[in-house]
Amino acid sequence: KNKNSGNTTKNEIVNDKKKQDEQQQQQPPSLILSLGTAIVALATLPLCILFCRTCTNPTFLQSITNLTPQPIQDLLGFMLPISELSAAFDIVSTFVPDTDLLHGMLKHLLFVTFHIQVGMGHIGIDFLTAEQRRKNMLIRMDVDNPDPSIEETTSSSGSDSGSNNTQKYPLGRVVSKQFQDPTTGKMKLYHGKIQKYFVKEKLYHVVFEDSDSEDMDEDEVALYSEGITPKEEDNKKKTSKKKKFDPSRKFRRSAPSFILFCVVPYMIQIILFGNLNNFV
């Protein structure tokens, strides 16, 4: 009983934690957080324009090059394609003699590409996070969706242990069961009564009207007390079987919503951003 009570308290703690996590996930973001996000989103546009204009200014680039030590320049040149970009700029500048036009195009290209690449990165991160959350749901399927029959068995084991030795059915109870008639060879319904109860074996001794006897347990007494036919008996056994517990049901039922609200928008957004990137 102490072990069972410990298990129930553990289960209660786990269930409370699950409820708290679900409540935290379902809580909408606060007003301050929403306002802060909106302000940052509005501020990124002018800041990005300023950043792109500054980075494409030849004077700024030349001053940065002069202030950067040679070892750091070598390291950056090894890590980033700076020399390739410089060579590409020199080649393009031979076809565009108007430097102001070229710098204006570079500002526009850097600004739009920066926003597209950042947007695609955030979309990919969100999709991977949702996909990993679904994988974790599959891994924790047995933990998050325990078999209720096991919990019922565990909770009822303490109460059943005290009543296992008690006699459920009284002496003299009528039990009806079909046996084969030795004279005709056909199945015939025989009636009997409970005469004894064996406490140690937990069996009921039933004596039938033809002086034949049989020892039955509680389930058999409950089954044959109603005097049903073998066909009805088979049907009752089939219906009495519990449905097999399927812990993957919740996971499978969430598949359409995952595809509709996560996979499809991800594909549409990737196609949109990819076409914008090609256009730029």
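I am working from a predicted model, in which local features need pLDDT of at least 70, side-chain atom pairs count only at pLDDT 80 or more, and totals for chains, interfaces and linings use all residues. Residues are numbered from 1 along each chain as its sequence is written, and side-chain values use heavy atoms, with hydrogens and water left out.

I then looked up the secondary structure, which comes to twelve helices and four strands, taken as DSSP runs numbered from the N terminus (helices H or I, at least four residues; strands E, at least two).

For helix 2 (residues 31-55) and helix 6, I found the axes 9 Å apart and a packing angle of about 135 degrees, with axes fitted to C-alpha atoms over the stretch in contact and angles running from 0 to 180 degrees between N-to-C directions. That makes helix 2 oblique to helix 6, since angles under 35 degrees count as roughly parallel, over 145 as roughly antiparallel, 65 to 115 as roughly perpendicular and the rest as oblique. I recorded the crossing of helix 2 and helix 6 as right-handed, the near helix being turned clockwise from the far one by less than a right angle. From helix 2, L45, C48, I49, C52, R53 and C55 meet K107, L110, F111, F114 and H115 of helix 6.

I next turned to helix 5 (residues 82-95), whose axis comes within 10 Å of that of helix 6 (residues 99-139) and crosses at roughly 130 degrees, which makes helix 5 oblique to helix 6. This crossing is right-handed too, and I listed F89, V92 and S93 of helix 5 against L102, H103 and L106 of helix 6 as making the contact.

Lastly I checked burial and found that buried residues (under 20% relative accessible area, 1.4 Å probe, protein chains only) make up 16% of the 280 residues.

Terms used: Contact means heavy atoms within 4.5 Å. Buried means under 20% relative accessible area, exposed over 50%, partly exposed in between (1.4 Å probe, protein chains only).
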